[in-house]
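Let's take a walk through this model together. Have the sequence and the coordinates open, and follow along from one spot to the next.

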Amino acid sequence: MIQFGPVAKERIPALLSIAEKQLGDSYIRVEDFTDPDRLVYEAVSEKKAIGFVTGKTLSSEDFRTNLPKVFEALSRRIHASRMIGIVGSIAVDSLYSGSGVGYGLMGVLLDELDRKSYETVLMLGWKKRGASRPEIAGIAARYGFEAVREFPEYWKEESQKLGYRCPSCGDPPCLCDAVLLVRCKVCKDS
Ligand SMILES: CC(C)(COP(=O)(O)OP(=O)(O)OC[C@H]1O[C@@H](n2cnc3c(N)ncnc32)[C@H](O)[C@@H]1OP(=O)(O)O)[C@@H](O)C(=O)NCCC(=O)NCCS
């Protein structure tokens with residue numbers, strides 16, 4: 001049976017190993033799991049970590065500072081005073097792929113954001129080089145996310161600066177695209 005819940009400290013090394021394989025070397029760090037300002041959930045099967053999702057909430061000021069390209073793309077859709085929920089990263093051990101783990105993790109995070117009344121949730125879907133859509137697209141669509149904009153080579157500069165190694169591109173720069181996915185109950189059309 002698969003269980004979902006807040007990340008247990010003793011499973012962080014296993015979660016980092018899943019992150020490294022699925023999202024790339026140095027992309028996710030220990031602090032991503034321990035930062036009290038983040039919402040982080042794990043999926044566990046027989047006490048073994050098999051996946052995780054990270055999220056956070058941002059004021060519109062933080063949103064503008066942390067994700068300037070996305071803020072610019074959405075400024076007409078999102079009211080300036082609104083708090084934004086963010087789906088950060090999601091990854092599942094490939095041995096368990098296609099078993100509903102990613103879907104379950106996303107559900108746990110969105111339930112928490114719904115509980116906190118975040119009406120707008122954003123996610124940058126990683127579209128690997130050469131892929132026609134982000135791997136998360138099917139799950140995102142099931143939860144009502146809409147693809148709003150595509151950012152070519154979104155992580156190019158960041159991957160060079162921070163030195164992370166994309167599983168698809170190898171050594172920096174990462175040349176994958178990002179698709180901005182928005183789940184918004186009260187947005188205006190752009
Ligand atoms: C993307 C990723 C997290 C998906 O995890 P997963 O556990 O394999 O996904 P699931 O089994 O929940 O979903 C697989 C498919 O079944 C569907 N599905 C899941 N639960 C379902 C349900 N209860 N009923 C019907 N369909 C369901 C999903 O919509 C998805 O559809 P798709 O084939 O159109 O994509 C995983 O493949 C991964 O770690 N990829 C590499 C990292 C990555 O790309 N992360 C996303 C960054 S934005």
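Start at Ser26, which is partly exposed because 14 other C-beta atoms lie within 10 Å of its own. For burial, the cut-offs are these: with C-beta atoms placed from the backbone, a residue is buried if 20 or more others lie within 10 Å of its own, exposed if 12 or fewer, and partly exposed in between. Ser26 isn't a glycine, yet its phi is positive, about 70°. You'll find Ser26 in the loop between H1 and helix H2 (30-34). Helices (H or I, at least four residues) and strands (E, at least two) are DSSP runs, numbered from the N terminus.

A quick word on ground rules. Residues are numbered from 1 along each chain as its sequence is written. This is a predicted model, in which local features need pLDDT of at least 70 and side-chain atom pairs count only at pLDDT 80 or more, while totals for chains, interfaces and linings use all residues.

Now zoom out. The protein chain has seven helices and seven strands, and from the N terminus they run β-α-α-β-β-α-α-β-α-β-α-β-α-β. Its C-alpha atoms fill a box of roughly 45 × 40 × 30 Å along the principal axes. A compact globule of 190 residues would have a radius of gyration near 16 Å, and the chain agrees with its 16 Å; the radius is taken over C-alpha atoms, and the globule rule is 2.2 Å times the number of residues to the power 0.38. Of the 190 residues, 37% count as buried. Contacts (C-beta atoms, placed from the backbone, within 7 Å) tell you about the fold too: among those between residues at least 6 apart in sequence, 70% join residues at least 24 apart.

Next stop, helix H5 (residues 101-115). Which residues of H5 are buried? They are Val101, Gly102, Leu105, Met106, Leu109, Leu110 and Leu113. These cover an arc of only 165° around the axis, so they sit on the same side of H5; the arc is that of the directions from the helix axis to the C-beta atoms. An α-helix has 3.6 residues a turn, so residues three or four places apart point the same way. The face turned away from the buried side of H5 carries the exposed Asp111 and Arg115. Among the elements covering the buried residues are strand S1 (2-6), strand S3 (48-58) and helix H6 (137-142). After H5 comes Ser117, with a positive phi near 65°.

H5 also takes you to the ligand. H1 (12-23), S4, H5, S5 and H6 each supply at least two residues of the shell around the ligand. That shell has 20 residues, the closest being Ser97, Val101, Gly102, Tyr103 and Gly138; a residue is near if its C-beta atom, placed from the backbone, lies within 6 Å.

Glu153, in the loop between strand S6 (146-151) and H7, has a positive phi near 50°, and with 15 other C-beta atoms within 10 Å, Glu153 is partly exposed. Finally, Pro172 and Pro173 are joined by a cis peptide bond with omega about 5°, and Pro173 lies in the loop between helix H7 (156-162) and strand S7 (177-184).

Conventions
Contact = placed C-beta atoms within 7 Å.
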